[in-house]
Amino acid sequence: MRNVKHSEAFKHYVRLPLYLIPLFALVVVLLFQYDHYRMGNFAILFLLSYSVIVVTLYIYNQRSINRSLVNFAVGYATVQKSILENLDLPYALVTSDASFLWMNKAFEEMTGKTNKYKKSVTSLIPEITKEKISSCAVGEAVTFSIVYEEMYYQVTIHAYEAEIMQKGDMIGFKEGSNLVYAIVFYDKTREHTLELEQKEREMVAILVYVDNYEEIVDAVDSVKLSVIRAVIERKVYKYFQGKKALVRRTDRDKYVVVTDRQGLSKMEKDNFAILEQIKTTNVSKDVEATLSIGIGTSAEDYMQNLEFAKAAIDMALGRGGSQAVIKEGDEISYYGVYGKEKEKTTRVKARVKAQALRELMQTRDDIIIMGHSISDIDAFGAAIGIYCAAHSLGKQAHIVLNDVTSSLRPIVDTFSKENGYPDNLFIDSPEALVIQDANTLVVVVDTNRPSYTECPELLLRSESVVVFDHHRNRKETIDNTLLSYIEPYASSTCEMVTEMFPYFNDKIELTTQEADALYAGILIDTNNFMTKTGVRTFEAAAYLKRNGAEVTRVRKLLREDMNAYKAKAEIVRHATVYKDAFAISEFTGEKTESPTIVGAQAANELLNIVGIKASFVLTEYNNKVYISSRSIDEINVQQIMESLGGGGHLNVAGAQIKDATLEEVKQMIIEAIDKAIEKDSKS
C-alpha cells in the first residue's frame with residue numbers, strides 16, 4: 001500500500017494536524033518571552049501530549065486510510081464498469097491502431113462480437129477508419145454518421161491520455177502516456193426515418209408549359225386546335241394525377257402542379273414520361289407538341305419553391321424545351337435532354353426581344369458589348385451586330401476585346417478608322433470599367449456564364465445587363481438580367497442577332513464588313529452549313545447576302561496560316577480512338593497563336609474519319625485545359641461536357657478544366673464517356 005499515490009490537496013488535508021504542531025510551539029515560545037511562565041509550562045505539556053497523540057494516530061491510521069481509498073476506488077471503478085457494461089448505448093474502447101480494448105453488452109449485441117474479438121474496429125465497421133480515430137485530439141470529439149446493418153448511427157470518438165497499469169491487486173490509469181479512444185454509438189434510425197417521412201411530405205411546386213403553343217396554333221385550324229388542346233390537357237391531368245398531384249390550368253398553355261417529394265420521386269423514376277407521351281399528340285406532319293417542366297423544391301417556404309420553379313422553367317425553355325428541370329436549392333437536375341432541339345418556325349420571340357432591346361438602348365447613353373474570353377468569330381460577329389443596332393439609334397457603343405487571336409485578326413482589321421469606325425470601338429477590360437457607369441447598358445453575346453466573359457467584374461458592377469446566346473443554360477448563369485434571349489435551337493449567336501434586325505429598326509444598314517463578320521460567325525459555327533442548320537439559318541445567311549456579305553471575301557478572311565494548319569494535322573495524326581468510336585487527341589498549343597480555335601477545328605476534322613461518332617480535342621492554354629467536343633448525330637456530347645462543368649449543344653460542346661494536366665483531363669473524358677454509355681444502355 002506504500003506505493004499508493006495521493007493528490008497534493010488530499011495530502012495537505014490529512015497532514016493538517018501535523019502542521020499545527022509548529023504553530024503551538026510558537027505559542028509556547030511567545031508565552032515564555034512575555035514572562036507567562038505558568039501558562040508556558042501548561043502549554044509545553046499540551047504541546048508534548050498533542051504531538052505524541054497526533055503522530056501516533058497518523059502513523060497508525062495511514063495504512064487504514066490507504067486501504068479505504070483503494071476500496072473506494074475499486075468500488076467506484078466497479079460501479080463505473082457496471083454502468084458502462086449495461087449502458088443502452090453501444091460503447092467500446094480502442095487503441096490508436098483501432099484494436100479493441102473492451103466493449104459493452106450493447107456493442108456486443110449490435111455487432112454480434114464479444115470482448116474476445118481480436119481484430120480492429122475498422123475490419124468490423126469500415127467507416128471507422130484509423131485516420132478518423134487518430135484525428136481525434138484529447139479534449140475534442142470527432143462525430144460522423146454511418147449506416148451499419150441497415151441502422152443509422154451517429155458515432156462520437158473521444159480521446160483520453162492514459163496508461164493501463166497494474167500493481168498488486170490495483171488496476172488503474174496513469175495520466176500522461178498513451179491515448180485510449182472511446183467510441184460511442186447513438187441510434188439515429190428513428191430520427192432518420194422521421195426526416196425521410198417529413199421530406200417526402202414537403203411541398204413541391206411544378207410549372208408545366210406547352211412550349212410551342214404558337215406553332216401549334218399556326219399549324220392547325222380552330223376546330224382541330226380545340227381538340228388538340230383537350231388531348232394535351234387530358235394527358236397532363238392523367239399523368240400528374242396518377243402521381244397524386246393537384247393540377248390546375250392557369251392559361252391556355254400553362255399548368256400549375258402541386259405535389260410532395262414522394263410524387264416527385266415517382267416522376268423521376270419514370271424519367272418524366274409525360275415529355276414523350278405529349279409528343280404522340282397528332283398535330284401536323286411538321287409540328288409536334290412538346291412540354292417544358294420547371295420544378296422547385298427544398299426551399300424554406302412555399303413561395304420560394306414557386307420562385308425556384310419559375311427559375312427552373314426558364315432554364316428548361318432556355319435549353320430548347322421538351323425537358324424537365326429540377327431546382328433543389330443550388331442543385332440543378334435535368335431530365336429528357338437526349339433529343340435534339342426543335343427549330344422554331346415562329347419569329348414572335350425574335351420580334352419581342354428586338355423591341356425590348358431597342359427600348360433599353362434608347363434609355364442608355366453608352367453601350368458596352370462583350371463576348372467570351374478568347375473571342376471567336378461567332379462572338380465577334382454578334383458583337384458587331386449589336387454595335388450596328390446601337391449605331392442605328394445614334395448611341396455610342398464599345399466592344400470589349402482583350403486578346404485578338406490570329407484567326408480573328410483579319411476580320412478585326414477591317415473595322416479600322418480608315419473604313420469609318422471610331423478609334424474606341426474596341427476597348428480592353430480596364431477601359432470598360434472606366435467607361436461603365438449607372439447609365440451604361442452591358443450586352444453579353446455568345447455566352448451566358450459570367451466567368452467565361454471578357455470582363456466578369458463588369459457584370460458585378462452593372463445593374464443593366466442583356467444576354468444573347470445560343471448555348472444551353474447551366475447552373476452558372478448571369479443573374480438579374482434586364483433582357484435574356486437564349487435560344488439553343490439557333491446555329492449561332494450571329495444568326496439570332498441577324499434575324500432580329502428587321503424588327504429592330506428600319507434604319508439599320510449593314511456595311512460589307514459588318515455583313516461579312518455576321519456571315520462568318522454563322523459559317524464557322526455551322527461548319528460550313530453542315531451542322532445545326534435550319535430554315536432560319538439559311539434565311540439569316542440570305543439576309544446578310546442581300547446586305548453585302550460576300551462568300552469569297554469571307555473565305556479569304558477565314559484562311560489559316562501554315563503553322564495552324566500543320567498543328568491541326570498533327571492533332572488529327574496523334575488522335576487515339578476509344579471503344580472504336582470516340583477520337584481523343586491532346587494539343588499543347590505550341591507554335592500557334594490561337595490554340596483553342598485550332599483545337600475546335602481539329603475536332604471537326606476528326607468527324608470526317610469513318611467510324612468516329614464523337615471527337616474530343618484537349619488544348620492546354622493559359623493554365624487551363626480547353627475541351628472541344630463534336631459529334632454528328634448518335635452521341636450527345638453536350639451531356640458529356642456538362643458532366644465536366646461545361647456545356648453547349650447536342651453535337652457541339654466544350655468545357656474548361658482548371659488545375660489539371662492533359663492526361664488527367666483525358667481520363668475524366670473516358671470516365672464521362674463510360675458513364676454516358678452505361679446510362680444510355682439503362683434508358
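Student: How many bridges join strand 1 (residues 91–94) to strand 2 (residues 100–103)?

Tutor: Three bridges join them, and the two strands run antiparallel. This is a predicted model, where local features need pLDDT of at least 70 and side-chain atom pairs count only at pLDDT 80 or more, while totals for chains, interfaces and linings use all residues. Residues are numbered from 1 along each chain as its sequence is written, and side-chain values use heavy atoms, without hydrogens and water. Helices (H or I, at least four residues) and strands (E, at least two) are DSSP runs, numbered from the N terminus. Two strands pair if DSSP finds at least two bridges between them.

Val 94 has Phe 100 as its bridge partner in strand 2. Five residues separate the two strands of this hairpin. In the turn, Ala 98 has a positive phi of about 75 degrees.

Six strands form it, in the order 7-8-6-9-10-11, with mixed pairing. Strand 7 (246–251) and strand 11 (331–335) stand at the edges; each has a single partner strand, so one side of each lacks a neighbour in the sheet. From one strand to the next, the twist averages 20 degrees. Strand 9 (residues 291–297) and strand 10 (residues 324–328) run parallel, joined by five bridges. Thr 297 has Glu 328 as its bridge partner in strand 10.

Helix 9 (residues 222–241) lies across strand 6 (203–210), strand 7, strand 8 (254–260) and strand 9. Helix 9 runs at about 150 degrees to strand 7; axes are lines fitted to C-alpha atoms, for helices over the stretch in contact, and angles run from 0 to 180 degrees between N-to-C directions. Helix 10 (residues 261–269) packs on the sheet, touching strands 6, 8, 9, 10 and 11 (contact: heavy atoms within 4.5 Å). Its direction makes about 115 degrees with that of strand 8.

The buried residues of helix 10 are Arg 261, Gly 263, Leu 264 and Met 267. Buried means under 20% relative accessible area (1.4 Å probe, protein chains only). These residues cover an arc of only 155 degrees around the axis, which puts them on the same side of helix 10. The arc is that of the directions from the helix axis to the C-beta atoms. Their cover includes helix 7 (189–200), helix 9 and strand 6. After helix 10 comes Asn 271, with a positive phi near 55 degrees.

Note on methods
Buried < 20%, exposed > 50% of the residue type's maximum accessible area, 1.4 Å probe, protein only.
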